[in-house]
Amino acid sequence: MASKKAINSVVLGAIVAVIVIGYVMMNYSPSGTTSGEEKSFDIIAFQWGFEPQFIEVNKGDHLTLNIATDDVPHGIAIDEYQINEPIMVEENTKLEFVADKSGTFEFYCSIPCGVGHDQQGGFLIVKDPSEPEQDTIILTSTKSGEKIIVDGIIDETWNNTPEAIFSTVYVHENRQIIAKSLNDGERIYFLLRWLDDDKNSDGKTETDRIALGFDISGNSDIAMGAAGVPHVTVPQRTIGQGVVDIWHWKAFDSHTETPNVIDDEFAGPFEQLKDHYYRDDDNNQGGENDLSAAGIYDSDRGQWIVEISRLLATDDTEVPEFGMMDKQFSVGSEYKIGFALWDGGKGETAGNHAVTEWGKLKVD
Ligand SMILES: [Ca+2]
Ligand SMILES: [Ca+2]
Ligand SMILES: [Ca+2]
Ligand SMILES: [Ca+2]
Ligand SMILES: [Cu+2]
């Protein structure tokens, strides 16, 4: 049922894309003036999410949202657009409005519908074509013969390694992750630092965490894609229709009650993730945990310092139905890299976290 819907929306999306492209071509003018396009989306609300979860349009577009529920009554609210409408069983809720404000706006369920209600949300992303796109952040993994010890202590070699700063853009904005990378032709190393004023690593609060994501399918919507994904039915690591390798470090792991843990994970498309969430150590569906990591909290500066390492190439290259499981790296190539960050002291867990856009990892 659900996959049929997904297919229908893909087909519909393709038809819409053809129409839109045709429309754009017919109306193309060198001056770049647009009066906004007609864009229509079919959205399914369910316990507890919306599909699709990310709707991306341009400022000035005339939007039609056709929304239906798959189970119980829900609502849809977008505060910044003063929208709040019920979605009743076997009825179509039709919303028409002009996307006249640019930015990323959360939409959420406005009718209590069960335990996952608070997590039921998505994002309307309104781009302003006249604003220049933000430059892609490039992190270069420098070739080095020096040995790096993965212990959370900054080795001498790191001091001579260039850094790249990734800023979070969704849910919690402008948190900065200072990243460096080295490789020795066999292993890749990352040094990650970020400011955080409390060390949440004793299991008494939600835990501090960081995750790296590497786009595998090439079409993952947003780095880690994940902002606001309902946790109850779907772990937070969805990435639209994409497939992502995820390296997920936790200051404290509540499953094993151990500090300083990294999971070697994998996330597939939204509809499939429910059944195929892969986590090496407690839900093994094949594959090895190929990651090593260590984090130390620097209380003088109020920052986390985490070192992570993995072989450039692992043995986990295939899982049935999904293809590649671990992203494979080789010297001389470029990859999409993104980050997610949780501050446990602020109660952040599951989909409540900060994510960056995709940046680029260049392995030299
Ligand atoms: Ca070290
Ligand atoms: Ca914290
Ligand atoms: Ca692996
Ligand atoms: Ca993996
Ligand atoms: Cu709901």
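In which loop is Lys 59 found? Lys 59 sits in the loop between strand S3 (54–58) and strand S4 (62–69); strands (E, at least two residues) and helices (H or I, at least four) are DSSP runs, numbered from the N terminus. The structure is a predicted model, in which local features need pLDDT of at least 70 and side-chain atom pairs count only at pLDDT 80 or more, while totals for chains, interfaces and linings use all residues. Residues are numbered from 1 along each chain as its sequence is written, chains are lettered from A and ligands numbered from 1 in the order in which they are written, and side-chain values use heavy atoms, with hydrogens and water left out.

The protein chain has three helices and 22 strands. Of its 364 residues, 49% count as buried (under 20% relative accessible area; exposed is over 50% and partly exposed in between, with a 1.4 Å probe and protein chains only). Among contacts (heavy atoms within 4.5 Å) with a separation of 6 or more in the protein chain, 65% are between residues 24 or more positions apart.

Lys 59 is partly exposed, at 35% relative accessibility. Leaving aside neighbours within four places in sequence, the contacts of Lys 59 are Ala 99, Asp 100, Ser 102, Val 126, Lys 127, Asp 128 and Pro 129. Asp 100 is 41 residues from Lys 59 along the chain, and their C-alpha atoms are separated by 5.5 Å.

The calcium ion (ligand 4) is coordinated at 2.2 to 2.6 Å by Asp 245 (OD), Asp 264 (OD), Glu 265 (O) and Asp 326 (OD). Donors are N, O and S atoms within 2.8 Å of the metal (3.2 Å for Na, K and Ca); water is not among the atoms, so sites may look incomplete. Asp 245 lies in strand S15 (residues 244–253) and Asp 326 in the loop between strand S19 (303–311) and strand S20 (334–342), so this pair ties together parts that are 81 residues apart in sequence. Asp 245 is buried, at 0% relative accessible area, and Asp 326 is buried at 0%. Asp 264 bridges the calcium ion (ligand 4) and the calcium ion (ligand 3), which lie 4.4 Å apart.

Asp 208 is buried at 0%, and Asp 343 is buried at 5% relative accessibility.
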